[in-house]
Amino acid sequence: MLELMIAAPASGSGKTVLTCALLAALKRRGLDPCAFKCGPDYIDPMFHRSVLGVDSHNLDLFLAGEDTVRELYSHYGASHGCVVVEGAMGFYDGLGGSTHRASAWHAADTLDLPVLLAVRPKGASLTLAAQIKGLRAFRDPSHIVGIFLNDCSPMLFKSLKPMLERETGLPVLGCLPHMEEAALESRHLGLQTAGEIKDISARIDRVAQTLEETMDWNTLSFLCDRPDLCSRCPGPLPARERTPIAVARDEAFCFMYAETLDALQNAGADLLFFSPLHDKAPPENACGLYLPGGYPELYAAQLAQNESMRRAIKQAVSQGLPTVAECGGFLYLGRTLQGADGEAYPMAGYLPGDGIRTPKLVRFGYSELTADTDSLLFRKGESVPVHEFHYWDSTQNGSSLTAVKPLTGRGWRCGFTSRRLYAAFPHLYFPNRPQMAARFVREAALYRKERFNHDKA
């Protein structure tokens with residue numbers, strides 16, 4: 001079975017485009033690939049999904065332990081013909097930038113994956129060999145089995161390939177020349193989402209056509225053929241009564257882990273997707289509400305114009321609908337949200353704060369979240385790993401929880417929680433805390449029973 005990771009010495013090396021092109025080429029070859037992304041990134045998996053038409057999944061060794069990551073990898077890789085994992089940042093860049101914990105290398109080491117190192121020459125030649133040798137020697141084993149040159153002309157490739165192979169002892173498997181199709185625009189949270197690039201499929205297809213011609217497929221297959229780590233297909237969910245939970249999903253609310261949605265389904269949820277941008281109200285029979293992150297600030301005017309949805313959300317949450325609102329969803333529950341145009345627009349108005357833009361990332365990265373009291377998702381004293389990534393802040397972030405940075409110990413108060421609410425900036429990851437998904441679904445089921453009895457009366 002073909003299994004590999006695409007990693008790089010640094011961000012900006014073209015990992016995402018190479019990963020998508022490789023997935024497209026493998027799909028053409030009938031190998032039925034699946035994809036994973038190292039770390040908490042929501043955006044790169046969207047590009048994987050645009051190529052495959054199936055979910056891509058995250059492998060995060062801070063949000064989840066090694067055993068859980070192995071289980072997720074095997075579970076979602078089962079029944080597929082090959083697996084491609086996209087690394088994050090620089091190969092060894094992990095927690096806090098000063099450890100290899102939760103790095104791409106940590107994931108490769110946990111899963112024993114061969115690594116194809118994507119390198120953009122950018123004016124270096126022999127020095128490039130020194131850098132690659134340093135990457136190989138930095139940890140043992142490095143898991144690096146080959147080199148791929150991005151943004152490299154065929155002429156330069158012919159010059160670099162024999163030198164790099166001689167100096168590093170690694171095969172150079174191919175190159176992608178400079179292509180306009182491979183240039184993906186970025187903004188404050190990273191790349192634009194795949195859905196915002198109208199011709200993304202055609203662009204990736206053209207890059208994949210080039211990759212077909214330039215990749216040494218025989219060597220790739222030889223280096224990355226692994227014992228079947230994904231031997232067991234996931235079994236069907238046990239039959240049970242399902243509890244309907246509404247999940248916001250549209251252009252404004254698109255940051256959600258596929259694994260978290262699966263954890264909710266495994267706990268008994270029937271997921272009902274709706275759009276706060278385009279629908280008039282959440283699904284009428286919903287007994288729970290999940291408002292994930294995304295880009296509400298880019299759609300603040302449209303969200304404000306949908307008054308019926310804002311009123312319906314406020315009324316439902318005020319009447320006790322069990323609700324989980326993360327990051328962008330948290331901002332949507334506030335009074336107002338400053339749009340990218342600088343104007344303040346009315347939101348649902350359930351929470352007291354106003355969403356405002358800041359000049360830099362706010363409380364960026366991983367932290368541990370600890371609860372003071374029992375609530376919808378937490379029990380008193382419980383700690384869970386979380387992640388934040390946002391340029392917008394709130395004038396009132398809440399004080400129900402304590403967040404602490406794992407290396408520096410810097411802490412702050414955040415979040416609004418109650419028996420039927422979690423609303424805060426930190427993103428949660430249910431696969432490593434399935435009890436949180438179970439609590440959410442149980443409370444939603446209880447809400448349904450209460451509503452049924454009330455209607456019956």
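This is a predicted model: local features need pLDDT of at least 70, side-chain atom pairs count only at pLDDT 80 or more; totals for chains, interfaces and linings use all residues.

Colleague: Why are helices α1 and α7 called roughly perpendicular?

Modeller: The axes of α1 (residues 15-28) and α7 (residues 200-214) cross at roughly 75°. Angles of 65 to 115 degrees count as roughly perpendicular, and α1 and α7 are therefore described in that way.

Colleague: Which residues of α1 and α7 meet?

Modeller: Among them are V17, L18 and R28 in α1, and I204, L211 and E212 in α7. By class, this contact has eleven nonpolar, one polar and three charged residues.

Colleague: What makes the pair of E212 and R29 a salt bridge?

Modeller: The limit is 4 Å between a side-chain nitrogen of Lys or Arg and a carboxyl oxygen of Asp or Glu. For E212 and R29 the N to O distance is 3.1 Å, and the side chains meet in a salt bridge. The two residues are 183 residues apart, E212 in helix α7 and R29 in the loop between α1 and β2.

Colleague: Which residue in helix α13 is tied to R419 across 31 residues of sequence?

Modeller: That residue is E450. The side chains of R419 and E450 meet in a salt bridge at 3.7 Å, N to O. Shared partners join R419, R420, E443 and E450 into one network.

Conventions: Residues are numbered from 1 along each chain as its sequence is written. Side-chain values use heavy atoms; hydrogens and water are left out. Axes are lines fitted to C-alpha atoms, for helices over the stretch in contact, and angles run from 0 to 180 degrees between N-to-C directions. Helices (H or I, at least four residues) and strands (E, at least two) are DSSP runs, numbered from the N terminus. Angles under 35 degrees count as roughly parallel, over 145 as roughly antiparallel, 65 to 115 as roughly perpendicular and the rest as oblique. Contact means heavy atoms within 4.5 Å. Ala, Val, Leu, Ile, Met, Phe, Trp, Tyr, Cys and Pro count as nonpolar, Asp, Glu, Lys and Arg as charged, and the others, Gly among them, as polar.
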